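Dear colleague,

Please find below the structure that I am handing over to you, followed by an account of what was found in it. I would be grateful if you could read the two side by side.

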Amino acid sequence: MEVQSFDNVWDALTDTPTEAANMTARSDLLIALQRAIGSWGLTQEAAAKRLGITRPRISDLLAGKISKFSLDALVNVAAQAGLAVEIRVSETA
């Protein structure tokens with residue numbers, strides 16, 4: 001039996017490199033947002049208000065429900081959270 005190795009979990013779980021790249025970016029943003037929101041020490045209601053989203057939406061974010069967030073939505077929430085989002089583009093090997 002041949003064992004496959006992958007650069008990250010999304011390479012293993014998605015069907016295409018395009019999907020893997022999108023999921024990697026989304027998960028990186030989701031984790032950064034979870035850390036930032038956690039550092040505020042606010043209730044979900046207060047954090048939602050600070051970010052301009054609903055409490056159920058912040059609950060989904062904090063629960064890691066990545067499928068409920070597009071890359072665009074996560075970039076917008078990150079900006080509201082005061083996070084700088086940088087995109088690095090390079091040729092694949």
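A charge is taken to sit over a ring if NZ of Lys or CZ of Arg is within 6 Å of the ring centre and within 35 degrees of the ring normal. Please note that the model is a predicted one.

By that criterion, R50 is placed over the face of W40, with a distance of 3.7 Å from the ring centre. As to contacts between aromatic rings, the count of pairs is 0.

The salt bridges may be of interest to you. Across the whole structure, the search gives 2 of them. One joins the side chains of D60 and K65, with an N to O distance of 3.7 Å. In the other, K68 is bridged to D60, and the closest N and O atoms are 3.8 Å apart.

K65, by contrast, is partly exposed, having a relative accessible area of 40%. K68 is also partly exposed, at 45%.

Yours sincerely

Definitions and conventions: Residues numbered from 1 in each chain as written. Predicted model: local features only at pLDDT ≥ 70, side-chain atom pairs only at ≥ 80, totals over all residues. Heavy atoms only, no water. Phe/Tyr/Trp six-rings, centres within 6.5 Å; stacked < 30°, edge-to-face > 60°. Salt bridge = Lys/Arg side-chain N within 4 Å of Asp/Glu carboxyl O. Buried < 20%, exposed > 50% of the residue type's maximum accessible area, 1.4 Å probe, protein only.
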